[in-house]
Each structure stands twice: as C-alpha cells, then as structure tokens.
Amino acid sequence: MPDFLLEIGTEEIPARMIDSARDELARRVGDLLQRERLVETPTLQTYSTPRRLAVLASAVSSAQPDITEQVTGPSLKVAYKDGAPTPAAAAFARKLNVPVDSLEKITTPKGEYLGATVKKKGRPAAEILAESLPKEIAGIYWAKSMYWRGKSAERFVRPVRWLVSLLDGEVVPLEFAGIRAGHTSEGHRILSPGSLPIDRPSNYSSALAKASVVTSAAEREQRIRKALDAATRTLPGARWREDKSLLDTVVNLTEFPSVVLGNFDPEFLALADEVLVTVMRDHQKYFALEDASGKLLPHFLAVLNTDGDPDGLIRHGNERVLRARFNDARFFWQTDQKIPLRQRVDMLKAVTFQKDLGSYFDKTMRVQKLGSLISEAIRNAGTPVRSGVVFKAALLAKTDLTTELVKEFTELQGIVGGLYAKVQQLDPILPAATAEAIGDAIYDQYKPESMDDSVPRSVEGAVLAIADKADSIAGMFALGLQPTGSKDPFALRRAANGIVKIIAEHKLPLPITKLFSDARAEYTGSEAERRFSKEIDFDEAIANFMRERLEFYLRDVCGFRYDIVNSVLSKEDLTPALKDAENPDYGPDLQLIDPNLKREPERRLDPADWPPLAVDLAAAITSRSTTPQLKSAATSFKRTRNILRQALDNHFAIGPFNYMLASAEEADAVRVMDEAAVGFWGLLERGEYGAGIDRMAALADPFEQYFNTVMVMHEREPVRRNRLGFLALFYKQFRKIADFSEIVNEGT
Amino acid sequence: MSSSQNPLTFQQLVLRLQNFWAEHGCVLQQPYDVEVGAGTMAPETFLRVLGPKPYRVGYVQPSRRPADGRYGENPNRLFKHLQFQVILKPPPVNVQELYLESLAAIGIDLRKHDIKFEEDNWESPTLGAWGIGWQVMLDGLEITQFTYFQQCGGIDLDPISAELTYGLERIAAFLQDVDSIYDITWVVGPDGRAVKYGEIRLQDELQFSVYNFEVADVEKAWQHLGLYEAECQALLDEYAERVAEKSGSSGEERKADRRRFPVLAAFDLCLKCSHLFNILDARGAISVTERVGVIARIRALAVGVAKAYVDQQKASEGSAAASEENGLPQAERLAASRS
C-alpha cells in the first residue's frame with residue numbers, strides 16, 4: 001500500500017506556533033484518512049521546520065474499499081401492480097443501475113419495501129485527498145494569521161509558497177492558496193537554495209537532509225544539545241544553563257542548527273545576573289554559561305541556522321551585538337541612579353495603569369493602603385509582619401516603571417526595582433536589614449509568575465504581591481472586564497492563582513472575601529469608580545471567580561482528588577436550617593464532661609474563603625480517603641444528609657433532641673456521639689483535622705448500628721422529631737470538616 | 001563585519017540599496033519633508049498602500065523620535081535615525097528572496113553569516129495600522145523590519161503591501177565593524193580622509209535632545225498641536241461635506257472638485273500633530289488621561305485622511321481603471337515583469 005506525504009512550504013512560521021500546528025495538521029490528516037476509510041488506524045510521522053509542516057502517512061489504501069449496501073426503495077404496494085413492476089420500480093432500478101428483476105423484498109417495522117443490494121465503488125485516495133485536504137489546511141488554528149493575496153483570498157500564518165503532496169510517486173493534485181501541489185520542495189534557504197525534487201514520500205526526510213534541512217524537531221533538539229555540550233567542553237569546569245523554553249524556541253528557528261561560543265568582557269559581570277541573563281536569553285536567544293558554583297561566566301552560546309562559522313564572522317557579529325546591549329544596560333543602570341526610586345513616585349502619575357483605572361501613582365496609593373489593611377488583618381490573627389516594610393515597599397514598588405532599564409527590558413520590572421532599592425540608600429535612618437527586606441519585597445512583587453514559580457520569600461513580599469494583584473482584579477471586575485472563556489487579556493486568572501498560592505503557601509490568615517471587599521473599597525470615591533459597571537454583582541462575581549481559582553489550585557497544583565476538593569469547598573450546608581436542633585437535652589448522665597471543653601467552636605470558617613484551611617482539610621481527608629472507616633463514615637453522612645434534606649423538604653420539625661424521648665439504643669448512641677464531639681471540637685480548634693476525622697470516623701460503626709435498629713422517619717411526630725434532632729447533631733459535627741456526601745466511594 | 005575588504009561607506013550603502021530596488025521596479029522617492037517618526041508615516045507608504053493601485057517605491061526617511069534622543073552620548077541610540085523604506089504592493093511571490101538579494105547587493109555574503117526571520121508584528125495605534133511579519137536577524141543583529149501590512153488608517157488593505165524597513169545606521173555599523181554609530185564612515189573625502197557620521201550628525205543629536213527634553217515650550221507646543229489639529233479637522237469636514245453634496249453641479253464637476261481637494265495637505269497637518277505629540281511626550285508634559293485622549297485624536301485624523309484619500313483616488317481614476325478588479329491583474333503583471 002502506498003505512503004502519503006503532505007508538505008506545506010511557507011515563509012518563516014513564528015517559532016512559538018510550529019509544534020502545535022504540526023500536530024494539528026497530522027491529526028487532521030489522520031482523521032481524514034480514517035474517516036474516508038483509507039487507513040484503519042493511521043501511522044503518521046510528522047515533520048516541522050520554520051519553513052515547512054509535513055506529515056507522512058504509511059500504508060494508505062490507494063482507494064476506499066468497495067462497500068455493499070442495501071438501498072430501500074418504494075413500498076411494495078407502490079412497486080408492483082398485479083405482480084408486475086410499476087414505473088416506480090423501474091425508476092428505482094434505473095437510479096441504481098441494476099435490472100428490475102434483481103430487486104428484492106425488504107421487511108422493515110414499517111412494512112414491506114422494495115430494496116436492492118448495491119456495490120458502491122470506493123473512490124480513489126488521490127481524488128478524496130485532493131478534494132478534502134485544502135479544507136484541512138485552511139482549518140489549522142493560528143493565534144495570528146494574515147492575508148497576502150488580498151482580502152478575498154485565504155488567510156494563513158505566513159504566505160504559503162509551495163506544496164508537496166505525493167501518494168507514492170504520484171502527485172495528488174490539490175490546490176491551496178493558488179498553489180498546485182507537486183513534487184518539488186525547497187532546501188535550506190542559504191545552504192541549499194532552490195527547488196528540491198521529492199521522488200516518493202518515504203524519501204522525504206533523507207532528500208531534505210541532503211539539502212541541509214533536518215526535518216525532525218526532536219532531532220534538531222538532539223543536535224543542538226550535543227553542539228551546546230561540545231562547545232561548553234572547550235571551557236574547563238563550565239556548563240550551559242539548561243533552559244527548555246529557549247531550547248524549544250531555537251529548535252523552531254533553525255533548519256540546520258549549529259552552535260558558536262562567544263565571549264564578552266568580564267567587566268560586564270559587575271552588572272546584575274538578572275540583567276545579563278535577560279539580555280542573553282530574551283533578547284539574543286543565547287544560552288548563558290556558568291561555573292560549577294552557578295556563577296555566570298563571560299561567555300555565551302548562540303544557536304545558528306547554518307553549518308558553522310569557519311571565519312569567526314558570526315561569532316564576532318554576535319559578540320558585537322551583545323557588547324552593545326550590555327553597554328546599553330550599563331548605561332541605563334548608571335543613568336537611572338541619578339534619580340533614586342523615592343524621587344520617582346510622582347513620576348508614576350504619567351504612567352498609565354489601565355485607561356479607566358488611572359495611573360500607577362493612583363494604584364500605588366491604593367496598594368499601599370490595602371497592604372496596610374492586609375498587614376493589620378494577619379497580624380491580628382497571629383502572623384508577624386513588618387508593616388513598615390510593606391508600606392515602604394508598596395510606595396516604591398512601581399517606580400521602576402519609570403527607569404530606562406525597565407523601559408528597555410520590560411520583563412525585568414519588579415526585579416530592577418528590588419535591585420535599585422538595595423543599592424540606593426532609601427532612607428538614612430533605616431537599618432540595613434529593613435532596607436534589604438524592602439528590596440526583597442519589591443523584587444518579588446510579581447511572583448508567582450506561573451504555578452511552577454515560587455511565591456515571594458518574605459511575608460512582607462507576600463502581602464505586597466497579594467495587594468497588587470487584588471487591586472488589579474478588583475478594579476477590572478468592577479469595570480466589568482472579568483475574564484470570559486478563553487479570553488483573559490489582563491491575565492487576571494494568573495493573578496488570582498497567584499493570590500491563592502501565596503495565601504496557601506504562606507498560610508496567611510487572610511479571608512478572600514475581606515481581601516476583595518477591602519480592595520474594592522480603595523476605589524471608593526475615585527475617578528475610576530464613575531466608570532464602574534452597573535451590571536456586575538461584584539461580590540458574587542469575585543466569589544465565583546476566586547472559588548474556581550482555589551479549586552484549580554487544590555486539584556491541578558496540589559493534586560487533590562476532585563471529589564475531595566468538592567467536599568471541602570461544597571456550598572451545601574444544612575446546618576443553618578437545623579437551628580431547632582440546637583440545645584439538646586442529653587439528660588443528667590452526660591454532665592460528666594469537662595465544661596471547659598464543652599464549648600462548640602464558633603461559626604465554622606468557610607474553606608472557600610480560607611485557602612490554607614482548604615488545603616489542610618483536603619490533605620487530612622486525602623490521607624484517610626482509602627480507610628474503611630472514612631468510607632463508611634461518608635456513607636453514614638450521606639444517608640443522614642439525605643434523610644435531613646427529605647425532612648426539611650417536607651417541613652418536618654427537627655429536634656431538639658431530648659433524652660426523655662429516646663430509646664435505650666438511642667441514648668447509648670447519643671452518649672458515644674457526644675463524647676466524640678467534645679473531643680472533636682478541641683481537635684478542630686487546634687487545626688488537627690486528621691485526628692478530628694479519625695474521631696468522627698470512629699462513630700461510623702455505632703451509627704451503622706443505629707440505622708439498623710431505629711426507624712428515623714417514624715410515623716409518630718414526637719419520635720420522628722427527636723430522632724431527626726439526633727441526626728442533626730451528627731450531621732453538624734461532620735459538616736464542620738467537609739461535605740462528605742461529595743466523596744465518591746469507589747465500588748459503591 | 002563584512003567579508004569584503006572594503007566595506008561600504010554610509011552613502012554607498014544608500015546608493016546600493018537605491019540601485020538594487022530601482023532595478024526591481026521601485027520608484028525612488030526622496031525623503032519626506034515633514035517630521036515623521038518612521039518611514040511608514042511618510043505619504044509614500046501611509047497613503048500609497050491604500051486602495052487598489054499597484055506600487056513600488058523605495059526611499060530614505062529620516063525618522064524623528066524625540067524621546068529616543070540621548071544627547072549624542074549613547075553609541076547606539078539616536079533622536080533621528082535613517083531608514084531605508086521599500087514598499088512592494090502587492091508583494092511578489094519571491095519577496096523574501098529579493099530581500100536576501102538586496103543584502104548580497106550591499107556586500108553581505110550570506111553563506112558566511114547567520115540569518116533568521118523571527119516573528120515580530122508591527123502596530124501603530126496612532127495610525128490605525130498594523131501588519132504581520134518578522135525582524136530579520138543577521139548574526140544576532142536586527143537589521144530589517146519586514147511587514148505584510150494588513151490595515152492602515154483603520155482600512156483593510158487590498159492588495160496587501162510588503163514593507164521592508166532597513167535600519168541604515170545599524171547595517172552600516174555592522175558592515176564597517178564599528179561599535180558606535182558616530183564612528184561610521186559616511187564617505188571618504190577627496191583627501192582620503194574618512195568623514196564620520198558624528199561629524200555630520202552629532203551636533204544635531206545634541207541640540208535636538210536639549211530642545212526636546214529641556215527647552216521646547218510646552219504651552220506653545222500644545223497650542224500648535226491644537227491649531228494643526230483644528231485645520232486638519234476642518235479640511236476633513238469640508239471634504240466630507242463635498243462628498244455628501246448631491247445637488248448643484250454635475251457628477252463630473254463634483255469629481256473634478258474632489259480631485260483638487262488638498263487631502264495631502266490634511267495629512268501633513270496630521271503628521272505635524274503626531275510630531276508635536278512626540279515632543280510633548282519627551283518633555284513629560286502629557287498626563288495619563290491626556291495621553292490616551294491625544295492618541296485617539298491623532299488617530300481620528302489619520303483615519304479621516306485615509307478615508308478621504310481612498311475616496312479621492314476613486315474619484316481621480318477613470319471609471320474603467322478605478323474598479324478594484326483591475327488592481328490585481330495589474331499587480332501580477334508588474335510582479336511577473338520584475339521577478
């Protein structure tokens with residue numbers, strides 16, 4: 001069976017888009033072949049370089065298999081009259097191109113019909129591919145595409161310049177973007193210019209290899225790694241800094257990669273590492289080199305799209321560019337010191353934060369106050385924080401936006417502020433440690449940049465980062481600019497994920513609702529507030545958004561099971577509806593409990609509002625999720641909850657429990673329950689959720705016993721009421737940990 | 001560093017590029033004589049890319065960016081740099097190959113260098129213009145911005161134009177292997193002495209940095225901006241009124257009347273506004289709220305000019321040649337004859 005090859009030759013595709021487009025093309029070709037019955041399961045090889053996307057499908061049928069199918073015609077009554085075929089029967093036979101006497105009778109539930117078995121000839125693969133592939137090519141998703149042949153023509157990521165489409169040795173005559181597919185590809189732009197014939201699909205890769213094109217991205221990566229290693233070995237003790245995303249980029253910027261080692265003047269090493277690495281990596285796409293201790297070395301590695309640099313011209317050129325860049329950076333650094341950060345606060349009035357939310361000066365004022373509120377809240381709840389550090393760091397946090405260095409290297413915002421704060425004497429009376437802490441907080445303010453990134457190192461940095469992000473989210477939501485679907489132009493999800501991660505990992509006693517009501521309040525009376533949306537229900541929108549972010553954090557970042565996350569964050573809580581069950585009368589026997597412990601914890605904190613609590617609860621449940629006790633406790637809880645819900649739906653009175661009305665079994669169960677509950681409260685107060693769960697789970701057996709011996713929904717109202725009152729006590733205790741009805745017990 | 005022994009002087013570089021693109025069918029224009037921030041803003045690009053008519057043009061454009069001035073102290077930054085701008089409308093299928101040939105024409109042996117086309121899309125909110133393209137990297141140095149224009153003055157372009165913007169100082173410094181722009185040899189004089197870029201331009205850089213950052217009269221600049229804007233807007237309003245006029249004169253007369261209307265002058269006034277905005281910006285005189293507003297005002301002028309220009313082109317062409325259908329075959333003929 002023949003092989004099929006499709007190559008789309010283009011002008012240089014953006015590096016960041018190549019991998020996914022190549023995979024999508026392969027998927028589309030594979031699906032098409034399968035859909036059209038040209039393969040059973042596709043065997044595909046994919047290729048990509050900046051100038052081409054290609055897919056090779058092995059063992060494709062040259063035509064669809066013929067199929068035999070039964071076609072239903074007119075009903076028998078219409079088709080025959082007096083045993084002779086009518087014109088309707090003749091027309092049906094003619095349509096199918098079969099003799100009338102070959103027609104047969106088909107019995108269906110609707111009656112008897114005339115039918116025929118026809119063989120449908122499979123269409124040739126070439127015909128199907130030529131017809132369908134242009135649509136598949138046009139359907140490839142691009143983050144950004146363009147016209148080049150005018151508005152009435154096609155869009156694609158960059159102009160398509162050639163197409164190769166072969167079924168073994170034969171051209172599949174498809175057409176896209178005004179180009180007819182042929183045999184002819186192109187080699188490397190410089191090393192092997194001009195057209196390159198491909199005789200058959202299986203020779204694709206080798207033909208291109210001879211024309212200095214390495215068609216496999218994985219192979220280019222291997223080559224680049226080896227070349228980086230080889231160049232690094234010429235420097236004793238050196239190693240290149242692994243950087244996967246940079247590697248992916250250069251793999252997709254080259255067709256025939258090689259590497260040169262370049263040098264720079266060691267005196268540039270006096271510049272901050274962050275600046276040097278940013279220039280090399282982000283601006284020049286160079287790999288940095290370091291010694292065994294991780295110290296930067298005055299060398300770099302550039303990945304070329306050519307076969308080498310025998311005259312050293314390329315190395316020389318790259319060194320020249322880097323020298324100019326480093327000189328610029330040094331010049332900017334020195335210039336920036338002429339105006340210290342503290343004198344730049346006013347300059348922020350001229351820097352827009354968001355067109356409706358005012359300047360960065362306005363933001364600074366809000367974040368400074370919000371930072372103070374957060375500091376106060378967490379300090380009152382027992383977390384030590386140096387409010388003065390937060391206050392000063394918040395004031396200076398955005399001033400680096402006015403510096404030349406950040407204008408040039410925007411990705412260094414925050415980092416530059418932190419570095420400058422440390423080299424500048426912020427205030428002569430500040431102790432060195434305080435100045436250092438302010439610098440660190442400014443440096444870390446944008447952390448975490450992703451869920452893989454670490455959170456700010458200090459509590460002060462954490463508070464600043466939270467205040468900054470919460471201010472942005474609150475402002476955008478109030479304007480009605482919350483993220484929708486895949487659209488999140490202000491990266492608010494990332495900011496919110498960051499807040500959750502910081503609060504959780506620093507274990508800050510900071511409720512999310514308070515954070516956002518404070519953040520929103522900072523806008524009160526501002527110019528921006530007049531532009532706020534009238535439609536949005538701010539509190540609800542924020543609560544839902546943050547809840548989703550917390551769910552994401554617990555599930556995708558911490559790796560907790562979805563049902564455990566649901567049980568922790570569940571909104572369902574019958575407790576408030578069970579008010580009547582409060583103040584039970586346990587009877588005289590139960591007064592033996594230590595009165596100091598017999599104090600029910602105050603209103604239970606909502607884990608959706610307290611990320612560290614949510615994490616602790618999820619961890620506690622997870623660690624016991626496979627024990628039989630927890631499983632049966634979950635089952636009992638579910639049963640209890642269902643009965644209570646039913647009772648509430650029917651407006652049955654529930655409790656309070658009174659020992660006078662209880663049977664002996666109930667009185668025993670209540671005793672066990674109550675003793676457990678009292679110890680449990682203490683465990684909850686001390687945050688020992690795991691032990692608390694164990695304590696409650698130990699009740700599973702007595703409870704099972706209870707359910708087996710007692711009919712809760714008794715026909716007599718006082719009995720039913722009393723028993724429901726007892727269940728309500730049980731429910732309330734368990735619900736203090738989580739909504740266990742969400743737990744999915746495997747096998748039940 | 002060029003592989004040849006005698007690298008081109010700055011003015012040879014310009015001449016070679018001009019020759020190369022002249023040979024490929026470009027009209028060689030002269031720099032536009034109103035301050036612009038980029039070659040794109042010169043009417044030879046901003047207006048010519050509009051409408052259906054094929055066109056090829058090349059020109060040097062001094063580009064003024066007041067905020068980029070460094071008093072002549074920074075070896076890599078200029079208040080006013082020189083671009084060589086090429087517009088190919090529509091782009092021939094071998095536009096990238098032509099571009100690479102132009103590099104060979106200025107003495108770059110690509111076999112000995114590393115060239116990459118890296119994604120870089122261009123956008124100018126002030127002009128209502130954007131395009132898709134690359135920065136062309138030669139041994140790690142960005143030497144050209146290569147853009148397929150998609151929209152200009154808020155108008156979708158059809159045909160598309162390819163724009164090549166060569167950074168002349170960077171390329172010259174590369175060819176001559178000097179670390180400072182001011183050390184570029186502009187020309188070798190009759191006495192064999194190299195005349196440096198610094199001799200010709202340093203004073204310019206210093207004095208305009210002083211003016212733009214320290215001296216420019218902010219209040220007057222605002223007044224100028226208001227005056228130019230008002231006149232530009234008045235012209236645009238007047239043009240719109242004439243388009244709307246239905247009665248009075250015959251169709252031919254109305255067309256003739258539109259043809260002589262000074263849309264090009266309105267564009268100059270718009271460019272003046274843009275430059276004044278840049279000066280005010282360099283002076284730090286534009287507050288946040290003002291900034292967004294002023295950009296929108298200038299954009300409105302640019303969009304208005306583009307609209308009027310397209311309309312005027314239609315009025316100017318004979319009814320047969322004006323139809324858009326004729327645009328593409330013409331373009332293809334032009335491309336075919338040159339490639």
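The legends below describe several close-up views of a predicted model.

Residues are numbered from 1 along each chain as its sequence is written, with chains lettered from A and ligands numbered from 1 in the order in which they are written.

**View 1. An open, antiparallel sheet of five strands in chain A.** The strands follow the order 2-3-1-11-12, and the edges are strand 2 (43-49) and strand 12 (170-171), each of which pairs on one side only. Strands (E, at least two residues) and helices (H or I, at least four) are DSSP runs numbered from the N terminus, and two strands pair if DSSP finds at least two bridges between them. Strand 1 (residues 4-10) and strand 3 (residues 52-58) of chain A are joined in the antiparallel sense by six bridges, with Leu6(A) standing opposite Val55(A) of strand 3.

View 2. Within helix 8 (residues 273-283), the buried residues include Val275(A), Leu276(A), Thr278(A), Val279(A) and Met280(A), where buried denotes 20 or more other C-beta atoms within 10 Å of the residue's own, with C-beta atoms placed from the backbone. Strand 19 (286-290), strand 20 and helix 9 of chain A are among the elements that cover these residues. After helix 8 comes Lys285(A), whose phi is positive, near 55°.

**View 3. The side of chain A that touches chain B.** Here 37 residues of chain A are in contact with 38 residues of chain B, a contact being two residues whose C-beta atoms, placed from the backbone, lie within 7 Å. Two or more residues each are given to this side of chain A by strand 9 (146-147), strand 20 (296-304), helix 9 (313-336) and strand 22 (358-359) of chain A, and the largest share, 12 residues, comes from helix 9. For the complex, the predictor gives an ipTM of 0.91 and a pTM of 0.81.

View 4. Although the mean pLDDT of chain B is 90 and 90% of its residues reach 70 or more, pLDDT stays under 50 over residues 319-339 of chain B. For this stretch the model has 23 contacts beyond four places in sequence.

Conventions. This is a predicted model: local features need pLDDT of at least 70, side-chain atom pairs count only at pLDDT 80 or more; totals for chains, interfaces and linings use all residues. pLDDT is the predictor's confidence in each residue, from 0 to 100. A residue is buried if 20 or more other C-beta atoms lie within 10 Å of its own, exposed if 12 or fewer, and partly exposed in between; C-beta atoms are placed from the backbone.
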